[in-house]
Amino acid sequence: MTLKSINDWKILFGERGPSGAAETFLLKLGQVDADTQRAALTALPSVTTLQRRFSDAWERRDSLLGGVPFLAKDLYATAGDATGAGSIFLAEQLGTSEFDSSLVSRIRETGGVLCGKTQLNEFALGMSGENPHFGDCPHPAHPQLLSGGSSSGSAWAVGAGLVPFALGTDTSGSIRVPASFCGIYGLRLEPGLLSEEELFPLSPSFDTPGWLTGTAHDMLTVTEALLGDWINFAAPPTRGLWIPCGNVVSPEVFAATSRLASRLGFISDDSASRSLLESINGVEKSYPVLGASEAALIHK
């Protein structure tokens with residue numbers, strides 16, 4: 001059975017149970033060479049721990065993510081692991097976390113199985129996927145190229161088909177860049193959703209959680225599982241402003257994004273759009289100063 005999507009894993013989990021799912025993940029992991037594992041993955045659980053996690057998900061096998069493996073960028077707190085953030089000393093300083101980030105916890109509640117964490121540009125500062133300590137993260141289809149970063153390991157794992165989805169973060173493009181490099185899907189939420197204890201910071205005012213998936217359908221599934229209480233697809237209220245961008249994307253993409261914006265309850269207002277665009281004029285010059293200044297204070 002070819003395992004590419006969330007539904008593929010759910011079928012496998014239902015047919016072969018926790019032990020079969022754990023064995024399948026380990027077989028897939030075993031096909032990854034040591035250098036790529038080091039550059040893309042970290043905090044891989046023991047076989048016993050992995051089997052226990054799949055077993056714990058069995059009672060939630062009918063939920064949206066029941067029995068589906070996922071990975072978390074090594075900025076997220078995960079119980080029993082130390083957060084390294086792509087460095088060689090932070091994990092020792094912080095020690096082992098006693099709790100999961102609320103986003104990791106939410107995935108586990110919906111049946112997802114944490115199968116490890118992923119590497120990144122050191123401290124998430126960069127968009128290439130290069131790391132001087134663990135190696136540069138390769139592109140999943142063209143290993144002579146880079147995956148993009150800083151959510152490099154998450155993008156590689158999804159693009160390579162190791163897992164159908166993985167958590168990332170985006171401060172100034174760290175989900176969007178590797179998603180575009182690897183031809184997968186990425187969702188950036190908004191800053192301030194997670195505390196600094198849950199998500200190790202680069203620049204807290206701009207740090208944003210999110211996730212990457214291999215298909216648009218899986219993106220919808222993960223989004224419904226994690227944001228279902230917020231998104232009412234049946235009758236969404238007006239929630240914000242929709243700024244059309246038809247002059248910079250293809251007609252097909254513009255039509256699809258317009259339909260989604262309408263479905264989520266966003267409205268298009270030409271006057272408000274003009275005002276907003278005027279107010280953010282020059283942001284590309286301001287952001288590096290603001291973001292870097294805050295990062296310098298955090299990491300001094």
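Contact here means heavy atoms within 4.5 Å. This is a predicted model, so local features need pLDDT of at least 70, side-chain atom pairs count only at pLDDT 80 or more, and totals for chains, interfaces and linings use all residues. Residues are numbered from 1 along each chain as its sequence is written, and side-chain values use heavy atoms, with hydrogens and water left out.

**Exercise 1. Leu65**

Task: Find where Leu65 lies, decide whether Leu65 is buried or exposed, and list what Leu65 touches.

Solution: 
- Step 1. Leu65 sits in the loop between helix 3 (47–56) and strand 2 (69–73). Helices (H or I, at least four residues) and strands (E, at least two) are DSSP runs, numbered from the N terminus.
- Step 2. Learn the cut-offs: buried means under 20% relative accessible area, exposed over 50%, partly exposed in between (1.4 Å probe, protein chains only). Leu65 is buried because its relative accessibility is 0%.
- Step 3. Leave out residues up to four places away in sequence. Leu65 then touches Ile6, Ile107, Thr110, Gly111, Gly112, Phe165, Thr221, Val222 and Ala225.
- Step 4. Leu162 is 97 residues from Leu65 along the chain, and their C-alpha atoms are separated by 16 Å.

**Exercise 2. Ser128**

Task: Which side chains make polar contacts with the side chain of Ser128?

Solution: 
- Step 1. Ser128 is in the loop between strand 3 (113–118) and helix 6 (152–159).
- Step 2. Check its cover. Ser128 counts as buried because its relative accessibility is 18%.
- Step 3. Apply the rule. A polar contact is a pair of N or O atoms within 3.5 Å; within protein, one must be able to donate a hydrogen and the other to accept it, and residues adjacent in sequence count only if both atoms are side-chain atoms.
- Step 4. Read off the partners. The Asn121 side chain is joined to that of Ser128 at 3.3 Å. The Glu130 side chain is joined to that of Ser128 at 2.9 Å.
- Step 5. Ser128 touches Asn121, Leu146, Ser147, Gly148 and Gly149.

**Exercise 3. Lys28 and the salt bridges**

Task: What does the side chain of Lys28 reach, and how many salt bridges does the structure hold?

Solution: 
- Step 1. Lys28 belongs to helix 1 (residues 6–30).
- Step 2. A salt bridge is a side-chain nitrogen of Lys or Arg within 4 Å of a carboxyl oxygen of Asp or Glu. For charge, Lys and Arg count as positive and Asp and Glu as negative; His and the chain ends are not counted.
- Step 3. Lys28 is buried yet has no salt bridge; Asp8, the nearest side chain of opposite charge, is 8.8 Å away.
- Step 4. The Lys28 side chain reaches the backbone oxygen of Gly161 at 3.0 Å.
- Step 5. The structure holds 6 salt bridges. One pairs Arg16 with Glu23, with the closest N and O atoms 3.6 Å apart. Arg16 is partly exposed because its relative accessible area is 43%. Glu23 is also partly exposed, at 42%.
- Step 6. Asp100 pairs with Arg108, with the closest N and O atoms 2.4 Å apart. Salt bridges that share partners also join Asp170, Arg176 and Arg188 into one network.
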